[in-house]
Amino acid sequence: MSARIGVITFPGTLDDGDAARAVRYADAEAVPLWHADEDLKGVDAVVVPGGFSYGDYLRAGVIARFAPVMSSVIEAAHKGMPVLGICNGFQILCEAGLLPGAMIRNAGLHFICRDQWLRVEHNETAWTTRYDKGAEILIPMKNIDGCYVAEQATLDELEGEGRVVFRYVGGNPNGSRNDIAGIRSENGRVVGLMPHPEHAIDALTGPSDDGLGMFYSAVDALVSA
């Protein structure tokens with residue numbers, strides 16, 4: 001039986017379709033999850049995709065954090081379910097307290113859309129085992145509130161505990177502290193990143209297929225569980 005990975009849709013979500021396609025590319029079943037429904041439909045993992053949930057009103061991700069589906073995601077994550085937050089999804093996971101820190105407006109105050117090199121700093125999460133530590137991967141990014149910030153004590157903790165998963169290389173595009181592009185939870189089951197791995201699953205349509213490893217990693221984690 002294939003792994004079942006849920007993909008949430010909020011009002012304003014843009015990339016749920018591509019996230020579901022990435023799940024299918026990894027030979028798993030993509031299960032649509034609706035923001036207003038607490039039922040996770042028995043999925044094994046969840047992707048919180050990118051977009052502009054609720055129009056980014058108040059603050060990116062802050063309204064979506066209170067959606068009924070997120071109550072179930074938070075509960076499941078605390079029990080060890082793998083959860084991936086991409087771009088707006090990363091913002092939502094931070095607002096929900098599943099990951100530390102916050103995202104603010106990019107340095108320079110401009111929307112950024114480009115292919116971005118990342119270095120894999122940690123490959124022992126539920127979403128990164130298919131990568132070699134230190135590998136550099138090319139992933140698209142597109143955001144305006146993508147500057148990761150946290151208190152110095154939190155940054156020191158993330159660095160000291162190996163919880164920085166991805167780091168920007170070849171230049172920091174948005175001013176994120178310590179060049180951080182993605183981080184993990186203490187148990188490595190929850191990962192958030194600003195670039196979009198679901199847009200890099202096929203070299204025909206993306207800059208690479210480097211993002212597919214994240215989805216294969218999750219399937220590996222679920223099959224071996």
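Visitor: Buried means under 20% relative accessible area, exposed over 50%, and partly exposed in between. Where does that put Phe111: buried, exposed or partly exposed?

Guide: This is a predicted model. In it, Phe111 has a relative accessible area of 43%, so it counts as partly exposed.

Visitor: Which loop holds Phe111?

Guide: The one between β5 (102–104) and β6 (112–120).

Visitor: Switching to rings. How many aromatic pairs are there?

Guide: Two aromatic pairs are counted. One joins Phe10 and Tyr54: the ring centres are 6.4 Å apart and the planes sit at 55°, so this pair is tilted.

Visitor: Why does that pair tie together parts that lie apart in sequence?

Guide: Because Phe10 is in the loop between β1 (4–9) and α1 (16–25), while Tyr54 is in the loop between β3 (45–48) and α2 (68–78). The two parts are 44 residues apart in sequence.

Visitor: Is Phe10 buried or exposed?

Guide: Buried, at 2% relative accessible area. Tyr54 has 22% relative accessibility, so it is partly exposed.

Visitor: And how are the rings of Phe90 and Tyr148 arranged, stacked or tilted?

Guide: Stacked. Their centres are 6.0 Å apart, with 10° between the planes. This pair also links distant parts of the chain: Phe90 belongs to helix α3 (residues 88–95) and Tyr148 to strand β8 (residues 147–149), 58 residues apart.

Visitor: Are Phe90 and Tyr148 buried or exposed?

Guide: Both are buried.

Visitor: What lies over the face of Phe66?

Guide: Arg65 does, at 4.6 Å from the ring centre.

Visitor: Charges next. How many salt bridges?

Guide: Ten salt bridges are counted. One of them joins Glu29 and Arg4, whose closest N and O atoms are 3.4 Å apart. Glu29 is in strand β2 (residues 29–34) and Arg4 in strand β1, so the bridge spans 25 residues of sequence and links distant parts of the chain. Glu29 itself is partly exposed, with a relative accessible area of 36%.

Visitor: What does Asp15 meet in a salt bridge?

Guide: Lys142, at 3.0 Å from N to O. Asp15 sits in the loop between β1 and α1, and Lys142 in strand β7 (residues 136–143), so parts 127 residues apart in sequence are tied together.

Visitor: Is Asp15 buried or exposed?

Guide: At 5% relative accessibility, Asp15 is buried. Lys142 is partly exposed, at 25% relative accessible area.

Visitor: Which residue pairs with Glu157?

Guide: Arg163. Their closest N and O atoms are 3.5 Å apart. Glu157 is partly exposed at 37% relative accessibility, whereas Arg163 is buried at 4%.

Visitor: Last one. Which residues are linked in a network of salt bridges?

Guide: Arg119, Glu121, Glu159 and Arg167.

Methods:
Residues numbered from 1 in each chain as written. Predicted model: local features only at pLDDT ≥ 70, side-chain atom pairs only at ≥ 80, totals over all residues. Heavy atoms only, no water. Phe/Tyr/Trp six-rings, centres within 6.5 Å; stacked < 30°, edge-to-face > 60°. Helix = DSSP H or I, 4+ residues; strand = E, 2+ residues; numbered from the N terminus. Buried < 20%, exposed > 50% of the residue type's maximum accessible area, 1.4 Å probe, protein only. Lys NZ or Arg CZ within 6 Å of the ring centre and 35° of its normal. Salt bridge = Lys/Arg side-chain N within 4 Å of Asp/Glu carboxyl O.
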